[in-house]
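Below are my notes on the model, as numbered points. Please read them alongside the sequence and the coordinates.

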Protein chains: 2
Amino acid sequence: MSKVFAQITMSLDGYATGPNVSVDNPLGDGGERLHYWLFGDGFKAPDAVDEQVAGEMFSNTGAFIVGKTMFDVGIGPWGDDGAFGMPCFVITHHSQPTLIKGPTTFSFVTDGIGGALRQARAVAGDKDICILGGPNILQQYLTTGAVDELRLDVAPVLLGHGTRLFNSGSGTAVEFERVRLLGSPLATHMIFRVASARGQTVSSI
Amino acid sequence: MSKVFAQITMSLDGYATGPNVSVDNPLGDGGERLHYWLFGDGFKAPDAVDEQVAGEMFSNTGAFIVGKTMFDVGIGPWGDDGAFGMPCFVITHHSQPTLIKGPTTFSFVTDGIGGALRQARAVAGDKDICILGGPNILQQYLTTGAVDELRLDVAPVLLGHGTRLFNSGSGTAVEFERVRLLGSPLATHMIFRVASARGQTVSSI
């Protein structure tokens, strides 16, 4: 059965990026620290656990969904093949032509999180859909009850500043059941099933 | 070798209490949810992992340190024996006589986090010192480098509102090494060794 999962990395104090995110500084000041579990820290490489978790982001996934800010800062680092190797839907206010990067197609969706999810479902078939962020998009999906699983990777650092994954008021009273717990020196990887969300159900968006 | 550890529970979105903390509402609105791992949720009791973690809060501990707000809202629920069964130092601005509750003595310290730590060390001998919060006290200790270990218990819920464990700007660039990872249905229990803190070292406070 196909599911919708959200995957994101945060610091122990809840930041998904450092401050001053820009095209030249995609994860913000100090934010690359969050992704050591994906790319190593210059000393330690990701270990087998990190590699397993990174691989699972793709292994049964048929479409990705990202916000426009994440697209804008990511499209450079994602390189000539677009990194995803499958359809990626970008939620934006302004329509633009589909962008093809090797095996990755970036389609721009202007009818919000519901529209992006419908389009992702149409191409994903019985595969899963991965919502990658940023935080604002992820919160919206969580609150509407559209997310079956939250896969949270926690980097063992206090950033102190940046973009919070969970703003005040977001996702109030969402209850989770933790279904997996793995750790490496570079991150703690948790999978949570969404047990209840106060908002709409997925079928209503 | 004696160590200083901080132990606190937070929600997945980083709240250490719900909103509207008061003597009648010690953990704030919805905040009792955070402590299901200690007291059960009315359906599930804490399991063996939760009990182990709760027990370790006391097993090699010689003194506790808390802030005045935590004392004010806690002293009722802590009951006639004061819950700790050993010296507990309360950081406050106003001196008051030591309060004895069965085997627990609450001593009021007016010379700040450094003073409380010195007094706690004096009575703890070769046992550990547990900093229990609240968030403001814990952040101050973390930032000064006084904490050897952070024991974080994460409840699988988004509270959406309340007192953040880590305020913006607090504990900037503290790096941790995760040394243990345990999970129960009611919480994820992580122990982090503080690898580097940008502030003073413990010997300087």
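1. Arg118(B) has a relative accessible area of 48% and is therefore partly exposed (buried means under 20%, exposed over 50%, partly exposed in between, with a 1.4 Å probe and protein chains only). Its salt-bridge partner is Asp111(B), with the closest N and O atoms 3.9 Å apart; a salt bridge is a side-chain nitrogen of Lys or Arg within 4 Å of a carboxyl oxygen of Asp or Glu. Asp111(B), at 46%, also counts as partly exposed.

2. On provenance: this is a predicted model, in which local features need pLDDT of at least 70 and side-chain atom pairs count only at pLDDT 80 or more, while totals for chains, interfaces and linings use all residues. Residues are numbered from 1 along each chain as its sequence is written, chains are lettered from A and ligands numbered from 1 in the order in which they are written, and side-chain values use heavy atoms, leaving out hydrogens and water.

3. The whole structure holds 14 salt bridges over all chains. One of them joins Glu56(B) to Arg180(B), with the closest N and O atoms 2.8 Å apart. This pair links distant parts of the chain, helix H2 (residues 48-59) and strand S11 (residues 174-183) of chain B, 124 residues apart. Helices (H or I, at least four residues) and strands (E, at least two) are DSSP runs, numbered from the N terminus.

4. Lys68(B) and Asp72(B) form another salt bridge, at 3.0 Å between the closest N and O atoms. They are four residues apart in helix H3 (residues 68-74) of chain B, so about one helical turn separates them. In chain A, Lys3(A), Glu149(A) and Arg151(A) are linked in a network of salt bridges.

5. An open sheet of 10 strands with mixed pairing runs in the order S5(A)-S6(A)-S4(A)-S3(A)-S7(A)-S1(A)-S8(A)-S12(A)-S11(A)-S9(B). S5 (99-101) of chain A and S9 (157-158) of chain B are the edges; each has a single partner strand, so one side of each lacks a neighbour in the sheet. Two strands pair if DSSP finds at least two bridges between them. S8 (residues 149-155) and S12 (residues 188-196) of chain A run antiparallel and are joined by six bridges.

6. A polar atom of its side chain lies 2.8 Å from the backbone oxygen of Met57(A).

Methods: A polar contact is a pair of N or O atoms within 3.5 Å; within protein, one must be able to donate a hydrogen and the other to accept it, and residues adjacent in sequence count only if both atoms are side-chain atoms.
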